[in-house]
Amino acid sequence: MNRIIRLGLLVLGFLFLTDFLNAQNTVTLSGNAADEVTELPVAAATVFLTSKKDSALIDYTLTDDHGKFKLQIKKINEPVIFRVTDDLFGDYEKEFESIDKDFDFGIIKLSQKIDLEGAVINAAPPIRIKNDTLEFDAASFKVRPDANVETLLKQLPGVDIDEDGKITVNGKEVNQILVNGKPFFDKDGKVALENLPAEIINKVQVTDTKTKKEELSGQKASSNNATINLTIDKEKNKGVMFKAMLGQGTDERYESSLMLNYFKGDSRLSILGSSNNINSVGFSMNEIFDNMGSMRRSSMFVNDNGSFGINGMNFGSGKGITESNLGGISYSDTFAKGFDFTGNYFYTRADTRNNNFSRQQNLLPDNIYTTESHSKLKNQSYSNNFSTSFEIKLGKTSSIWLEPKYSSNKIKSSNVFDSQTVNEAGDLLNESNGETNTESLSQSFSNSFEYYKSFENKTDLSLSFSNDNSRKHSDDLNISNTFFYQTDDPDDLRNQLSKISNKREKYNFELEYSIPILDSVKLGIGSEYDISRQHDVVSTLDFDEISGSYSIRNNRLSTDLASDFNNFNPYVSFKIQKKKFYFTLTTGLQMMKQKDRGYYMGDLYELKQDDALPSLNLYSNYRFGQNASIYINYNLEENYANASQLLPIENLSNPLNTIVGNPDLKTLKGHTVYIGFNNFNFQSKTGFNLYMGGRYDERSVVNFKTIDDNFKSMTTYVNISGNYNVWMGANINKSFKSGRSKFRAGLGFSGTHSFRQGFTNGVKYDARSYNFRPRVNFNWDLGEVLNINPSYNLNYQFTEYKNYRIDKSDNLSHVFKLATTSYWPKHIVFGNDFSYTYNSNISDGFKKDFFLWNTSLGYNFWKDQLTFKVKVYDVLGQNTGVSRTISDTLISDVQDDVLTRYVMFSLGYKLDKFGGKKKGGRGRFIMMD
């Protein structure tokens, strides 16, 4: 570790020395931008310098709140054009034959009329701020000719993509990505980032994410998230893009994927498919490693435990090795003026195998029981997902939006397991073994509808409806044996089939009428009505030795639970919407009713609840400066416990834990608050964001558990007050350049603290948990030749216990990563991902640390349309799937199957045919020497 630190300091010292030497060859352009008419300063005007020869961007900045700017560049010995532009106040241009010394423009007066003889300006400003939209000109940011959109986003100031694929813009997390204002295989749009070429993108527009109601009504956003809209260059919005790849590896590993996109104006058709057995989504098309799991930042997520997902859909069981087959089609079009349509269909098949070993320490007031278990899991899933979206504009004053979705999922799974539990003295308390087999079919249909109408008197009406209906049927076969050794309790031997039915229905209706009080103030009067129903039936049949079938009903393991919930909430909202300030307060009265019913052992159990409770939600956002804002959100929640927690019916499905509800439970009441600040300084290209929040449970439901000498539990529920959790974090990043090199450095910190209470054997315990996660990353682009990306993450967690056998528990993990990519010599791409992981306190029998090294060597040929690659996963053969979890009641160490060393040989083909595509591709960002 000390060697790594010394090496890091040496590298930083070298970089600072290089930066100092280059500073001797730089000049500064400075001045103040003002309106020609009023002579007032113009903030957020774009200041940039381009080559006169080809309009290539050299550098840029924005004016500050006082109209001042300072642009530091290297000395230039060729004709260039200096320009200041603002959409509202106009432009200013000046030509230089060369720039070899500092220049102060003084006060620059922007004018709508420009007369610069002989100057031909084709370059668009690299950045514009239009009201609430931050817009980047894609051609102004240099990327490799074959780069995808994700690579382009990484070049934009203020945009960051972390190792988990999370995208943030100026500190706000991006939760929606659109292409020409429409979803691309769903609103997260991450398929587009990995597969669309950067050269067809015209603008990258960033706005605050709005609900559909806010979007249709023109309200400001009330969320802390951001939306990215990618606009395709009109000249290139017609054509075909095709990508395909086949790979065969050692240990019977394979991968394949294809994607076809057709664009024509407002019409888009996309088809994709993949098949692999390397825990991959299948069409992420990583530039270096294709579908192979790596530490590269990817917009699609592939978890370390083997699960993977796309567009909100999870594939695989979450652990082990997964073989997957996926296919999908997406179509969007504008059928008529004001009538937009989008439709998507996905089919997935996933087959997961996993061997699991765990050691769990169960914490008690006077003892620690340790459970060791082994399991062998097989899981097959077959999914169909269909979604559509319609948006219709009924003239200038009204709109309708409709989004129906349907999904079905069939699962077959089996699990062979054994476990045993001992106390601190090593005495055997119980042991279990057996096998379970499950076949299930689940179906769901959801729908969202929004209608908005504005009137001539500036009032408006909005109507919303949504539903979510699902049902699931499963057959669970359980052949298991549980043996008890400390008391005379009979052993629990089971050979039974459970037929389980689950139904869920949710409906929401909302109507709101808004009345303007002042130009920027509105009063809303509305009501919301929620209906929720659920019905769970378990019918268990024991095996009949005489008939050889499952035909003997087991009443103790058969239950019938139902719950009906209704909530009518009339409310009043108060909204202030100004250019820099937005405030909304909504308060109402929830008139809630819940009826729970259960049949068990021939008896009927019923419970009715009826309450009138307040509702309150507050959101405020204040923008100051060019790109800084502070926001706060508060929410009051009060709900009922569910039927299984309320009805006094025994749940005996787990031989080691019997659960009984408590009808005396009161409502759950909690307060949530969130505060955030973010800012990006375009002058220094430095971004900073800070956030903190928490939830306080004024009244919550916790377990009341009694454990006997066999470590067999009896669990019920009680109300308790005072549980809470808080979180906070901060991030800072800076981009800078020196000669041909571009650098980006980031430093971040996040932390959580929680206080949890409960009861074990009649003793009240509490657990105070802390988690600290500092991180640092650095990215160095040496022209188009080399990229180096080191990062370091530390995760320290510890928990302090009261009234437990132990006082505290902790764990410290370090993860160091280094990714390098070389593009030299021409047509050769050589990538390496290296990581080292260390867990400090994982128990004996689990590997504490390991190295993971992946490497890839690719060769592009046939006009760069074909790529041959040799990739090696886990070169050192050390990969392991070990993790530790610390909670308020247990400490668990787990090991699962992971992919180990294999070699993959692959051949990829791509074809891009777009209208208006010129030789040389997109614009270039030239670094002047």
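This is a predicted model: local features need pLDDT of at least 70, side-chain atom pairs count only at pLDDT 80 or more; totals for chains, interfaces and linings use all residues.
User: Is strand β9 (residues 133-137) mostly covered or mostly open?
Analyst: Mostly covered: 4 of the 5 residues in β9 are buried. Buried means under 20% relative accessible area, exposed means over 50%, and partly exposed lies in between, with a 1.4 Å probe and protein chains only. Strands here are DSSP runs of E with at least two residues, helices are runs of H or I with at least four, and both are numbered from the N terminus. Residues are numbered from 1 along each chain as its sequence is written, and side-chain values use heavy atoms, with hydrogens and water left out.

User: Which strands does β9 run antiparallel to?
Analyst: Strand β8 (residues 127-130) is joined to β9 by 4 bridges, antiparallel. Strand β14 (residues 201-208) is also antiparallel to β9, again over 4 bridges. Two strands pair if DSSP finds at least two bridges between them.

User: What about the hairpin of β8 and β9, how many residues sit between the strands?
Analyst: There are 2 residues between them, and Asn-131 in that hairpin takes a positive phi near 55 degrees.

User: Where else does a residue other than glycine have positive phi?
Analyst: Glu-252 does, with phi near 60 degrees. Glu-252 is in the loop between β16 (238-249) and β17 (254-264). Ser-55 is not a glycine either, and its phi is positive at about 65 degrees. You'll find Ser-55 in the loop between β2 (46-51) and β3 (57-62).

User: Is Glu-252 buried or exposed? And Ser-55, buried or exposed?
Analyst: Glu-252 counts as exposed, at 69% relative accessibility. Ser-55 is buried, with a relative accessible area of 17%.

User: How far is Leu-49 from Ser-387?
Analyst: Their C-alpha atoms are separated by 46 Å, and the two residues are 338 apart along the chain.

User: Okay, next topic. How does strand β32 (residues 581-600) pair up?
Analyst: β32 pairs with β31 (residues 559-577) in the antiparallel sense over 16 bridges. It also pairs with β33 (residues 603-624), antiparallel too, over 20 bridges. Asp-564 stands opposite Lys-595 in β32, while Met-592 stands opposite Asp-611 in β33.

User: And the turns?
Analyst: β31 and β32 form a hairpin with 3 residues between them. The hairpin of β32 and β33 has 2 residues between the strands, and Met-601 in that turn has a positive phi of about 55 degrees.

User: Which strands pair with β50 (residues 902-914)?
Analyst: β16 is joined to β50 by 11 antiparallel bridges, with Gly-239 standing opposite Phe-914. β47 (residues 866-873) pairs with β50 in the antiparallel sense over 8 bridges, and there Lys-871 stands opposite Met-904.

User: Where's the cis peptide bond with Pro-825?
Analyst: It joins Trp-824 and Pro-825, with omega about 0 degrees. Pro-825 is in the loop between β44 (808-822) and β45 (828-839).

User: Zooming out, how many helices and strands are there in the protein?
Analyst: The secondary structure comes to 5 helices and 50 strands. The radius of gyration is 31 Å, close to the 30 Å that the globule rule gives for 929 residues, so the protein is as compact as a globular protein of that length. That radius is taken over C-alpha atoms, and the rule is 2.2 Å times the number of residues to the power 0.38.

User: How much of the protein is buried?
Analyst: Buried residues make up 48% of the 929. As for contacts with a separation of 6 or more, residues 24 or more positions apart account for 65% of them.

Terms used
Contact means heavy atoms within 4.5 Å.
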